Amino acid sequence: MLNVGVLASGRGTNLQAILDACARGEIPARVAVVVSDNPAAPALERARRAGVPAVFVDPRGRKKREFEAEISRILKEHGVELVCLAGYMRVLGRAFLEEWEGRVLNIHPSLLPAFPGLEAQRQAWEYGVKVAGCTVHFVVPEVDAGPIVLQAAVPVLGDDTPETLAGRILEQEHRIYPEAIRLYAEGRLRIEGRRVIILPPAAERDEDRREEEMRWGNGVGRS
Ligand code: GRF
């Protein structure tokens, strides 16, 4: 079971999708703790309802570095192995990201690298694109720029408003975020530069290895 820590600032529907997928046994992971920078975040309430520790860390009157060091301490205290940002409204600093390198995921409501930053769905709608969507990516210090794990495309309809479009994108977010966590938990994500390689399931990899060994004998004939 992979221990996941979720950072969320707001309503927490992506957190809920992750909690639900874990509860249904769809991903070999559990949410070990939810941390928020906002004491009124509905995400905290969702965590408590699911029996998950919910911690508010007050960002006011302290340096970013200290604030994030406290978050990191809480995550480690709960045995977290993967950090998932789910509507976390702050940009994480270098120290935090160095400590958790390759172990932080984010979901963004656009097909990156198009429309990074805030209100991505509105940006896409105003630009007039015909296809919008969402992206799960590893987090690097540059905002919305890390290696991409999964994306889902959503058509923009003639009568869409930014709100209706955002609603359909959100449905896809709730599908691909748990899916990306599942792939991570199964050890199937390998970062190679900008690219994330998705490996086949372990059973298939074993099968390939057996076939390889049959073909070559156990090491015999290999140079
Ligand atoms: C989502 O649109 C997500 O893509 C973005 O922030 C929003 C969070 O929504 N990063 P919720 O709090 O998960 O409902």
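Trainee: In which loop does Glu119 lie?

Mentor: In this predicted model, Glu119 sits in the loop between β5 and α5.

Trainee: What is the phi of Glu119?

Mentor: Start with the general idea. Most residues other than glycine have a negative phi. Glu119 is not a glycine, yet its phi is positive, at about 50°.

Trainee: Is Glu119 buried or exposed?

Mentor: Exposed means over 50% relative accessible area. Glu119 has 53%, so it is exposed.

Trainee: Which other residue has a positive phi although it is not a glycine?

Mentor: Asp144 is one of them, with a phi of about 55°. Asp144 belongs to the loop between β6 (131-138) and β7 (148-155).

Trainee: Is Asp144 buried or exposed?

Mentor: The cut-off for buried is under 20% relative accessible area. Asp144 is at 14%, so it counts as buried.

Trainee: How should I read a peptide bond, and which one is cis here?

Mentor: Most peptide bonds are trans. The bond from Leu112 to Pro113 is cis, with omega near 10°. Pro113 is placed in the loop between β5 and α5, the loop that also holds Glu119.

Trainee: Where does Phe115 lie, and what is in contact with it?

Mentor: Phe115 lies in the loop between β5 and α5 as well. At 16% relative accessibility, it counts as buried. When neighbours within four places in sequence are set aside, the contacts of Phe115 are His108, Ser110, Ala120, Gln123, Ala124, Tyr127 and Val129.

Trainee: Where is Pro147 found, and which residues are in contact with it?

Mentor: Pro147 is in the loop between β6 and β7, where Asp144 is also placed. Its relative accessible area is 8%, so Pro147 is buried. Leaving out neighbours within four places in sequence, Pro147 is in contact with His137, Phe138, Val140, Ile191, Gly193, Arg194 and Val196.

Trainee: How much space lies in the largest pocket, and what lines it?

Mentor: The largest pocket holds about 880 Å³ of space. It is lined by 40 residues, and those closest to its centre are Gly87, Met89, Ile107, His108 and Pro109. The elements that give two or more residues to this lining are α1 (13-23), β5 (104-108), α5 (120-127) and α6 (162-185). Helix α6 gives the most, with five residues. By class, the lining has 20 nonpolar, twelve polar and eight charged residues.

Trainee: What about the second largest pocket?

Mentor: That pocket has about 150 Å³ of space. Its lining includes Phe138 and Pro147, along with Arg94, Leu97 and Ile191. Helix α4 (residues 94-99) supplies the largest share of this lining, three residues. Sorted by class, seven lining residues are nonpolar, one is polar and three are charged.

Trainee: Which values describe the protein chain as a whole?

Mentor: Count the elements, then look at extent and burial. The chain has seven helices and nine strands. Its C-alpha atoms fill a box of roughly 65 × 50 × 35 Å along the principal axes. Of its 223 residues, 45% count as buried. The chain exposes about 11800 Å², and carbon and sulfur atoms supply 52% of that area.

Definitions and conventions: Residues numbered from 1 in each chain as written. Predicted model: local features only at pLDDT ≥ 70, side-chain atom pairs only at ≥ 80, totals over all residues. Heavy atoms only, no water. 1 Å grid on protein atoms, 1.4 Å probe; cavity = no way out; pocket = protein on both sides within 12 Å on 5 of 7 lines; lining within 4 Å. Points joined across faces, edges and corners; volume = space filled by probe spheres on them. Helix = DSSP H or I, 4+ residues; strand = E, 2+ residues; numbered from the N terminus. Nonpolar A, V, L, I, M, F, W, Y, C, P; charged D, E, K, R; others polar. Buried < 20%, exposed > 50% of the residue type's maximum accessible area, 1.4 Å probe, protein only. Areas by Shrake-Rupley, 256 points an atom, 1.4 Å probe, with all protein chains shown as cover. Contact = heavy atoms within 4.5 Å.
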